[in-house]
Amino acid sequence: MLHLYYGDGKGKTTAAMGLVMRHVGAGKKVQVIQFLKDGTSSEIEVLKKMGVSLTTQKMPQKFIDMQDPIMVKEFSKIQDQLFDCIDFDCDLIVLDEILDAMQLYLLNEGKVYDIVKELEKHHEVVMTGRMPCQKLKQLSSYSTQMKKQKHPYDNGIQARKGIEYQLC
């Protein structure tokens, strides 16, 4: 089944990690692939200790200049390589921030849809990010939109370690 956690609110990856913990606790095999992240998120070490198969790739830069075709091509290649690492033997596959990689056209939407459509028949698949395409919304069994109502950023409060930001 396909789970979508999306929107502009906080908690998409956190919700996915909760499902990871539940699956590992049930003795199931889990894979987490992080797109558009550099492998330094606070949850990384805990996931490793839990025996989760984790796939990340250091990004060449923190932000993508979408006006720079060379940079876009480089980021796109990395996202494709990450997507191609899906382990079909896992019970739960978390594709963290993949929706953003798709929205930025760094991944081929048709390719992702076709593979997820097959995967979700026999696996739990979680996709996170800002906005899924309509086809994924229709395919999903679970669809949860996280909508920001209020955030400390709105009051000038900086990101806090272990809450909003990665360790680096």
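Colleague: I'm new to this one. Which two side chains meet in a salt bridge at 3.6 Å, with K29 as one of them?
Modeller: K29 pairs with D87, with 3.6 Å from N to O. Those two link distant parts of the chain, since K29 sits in the loop between α1 and β2 while D87 sits in the loop between α3 (69-83) and β4, 58 residues apart. Keep in mind that this is a predicted model.

Colleague: How many salt bridges does the count come to?
Modeller: The count is 6 salt bridges.

Colleague: What does D84 form a salt bridge with?
Modeller: The partner of D84 is K111, and the closest N and O atoms are 2.9 Å apart. D84 is in the loop between α3 and β4 and K111 is in helix α5 (residues 109-119), so this pair ties together parts that lie 27 residues apart in sequence. D84 counts as exposed at 53% relative accessibility, whereas K111 is partly exposed at 28%.

Colleague: Which residues are linked in a network with D84?
Modeller: D80 and K111. Together with D84 they make a network of salt bridges.

Colleague: And what does E45 meet in a salt bridge?
Modeller: That one is K48, again at 3.6 Å from N to O. E45 and K48 are both in helix α2, and because they are 3 residues apart there, about one helical turn separates them. In general, an α-helix has 3.6 residues a turn, so residues three or four places apart point the same way. E45 is partly exposed at 42%, and K48 is partly exposed too, at 48%.

Colleague: Let's switch to helix α1. How far apart are its end C-alpha atoms?
Modeller: They are 20 Å apart. Helix α1 has 14 residues (12-25), which at 1.5 Å a residue should span 20 Å, so the two values agree.

Colleague: Which residues of α1 are buried?
Modeller: K12, T13, A16, M17, L19, V20 and H23. Those cover an arc of only 160° around the axis, which puts them on the same side of α1.

Colleague: Which residues are exposed on the other side of α1?
Modeller: There you find T14, M21, R22 and G25, which are exposed.

Colleague: What covers the buried residues of α1?
Modeller: The cover includes the strands β1 (2-6), β2 (30-34), β4 (92-96) and β5 (124-129), along with helix α2 (44-49).

Colleague: What follows α1?
Modeller: G27 comes after α1, and G27 has a positive phi, near 80°.

Colleague: Which other residues have a positive phi, although not a glycine?
Modeller: L36 has a phi of about 60° despite not being a glycine, and Y105 also has one of about 60°. L36 is in the loop between β2 and α2, partly exposed at 25% relative accessibility. Y105 is in the loop between α4 (98-103) and α5, and counts as exposed at 71%.

Colleague: Okay, inside now. Is Q31 buried or exposed?
Modeller: Q31 is buried, at 1% relative accessibility. You'll find Q31 in strand β2.

Colleague: What lies 2.9 Å from a polar atom of the side chain of Q31?
Modeller: The backbone oxygen of C85 does. Leaving aside residues up to four places away in sequence, Q31 touches quite a list, including V52, T55, C85, D87, C90 and V94.

Colleague: Cysteines, then. How many disulfides does the count come to?
Modeller: The count is 0 disulfides. For C90, the nearest cysteine sulfur is that of C85, 12 Å away. C90 is buried at 1% relative accessibility, and C133 is buried at 16%.

Colleague: Last one: where does I44 lie?
Modeller: I44 lies in helix α2, and is buried with a relative accessible area of 4%. Not counting residues up to four places away in sequence, I44 touches Q34, G39, L54 and T56.

Methods
Residues are numbered from 1 along each chain as its sequence is written. This is a predicted model: local features need pLDDT of at least 70, side-chain atom pairs count only at pLDDT 80 or more; totals for chains, interfaces and linings use all residues. Side-chain values use heavy atoms; hydrogens and water are left out. Helices (H or I, at least four residues) and strands (E, at least two) are DSSP runs, numbered from the N terminus. The expected span of a helix is 1.5 Å times one less than its number of residues. Buried means under 20% relative accessible area, exposed over 50%, partly exposed in between (1.4 Å probe, protein chains only). The arc is that of the directions from the helix axis to the C-beta atoms. Contact means heavy atoms within 4.5 Å. A salt bridge is a side-chain nitrogen of Lys or Arg within 4 Å of a carboxyl oxygen of Asp or Glu. A polar contact is a pair of N or O atoms within 3.5 Å; within protein, one must be able to donate a hydrogen and the other to accept it, and residues adjacent in sequence count only if both atoms are side-chain atoms. A disulfide is a pair of cysteine sulfur atoms within 2.5 Å.
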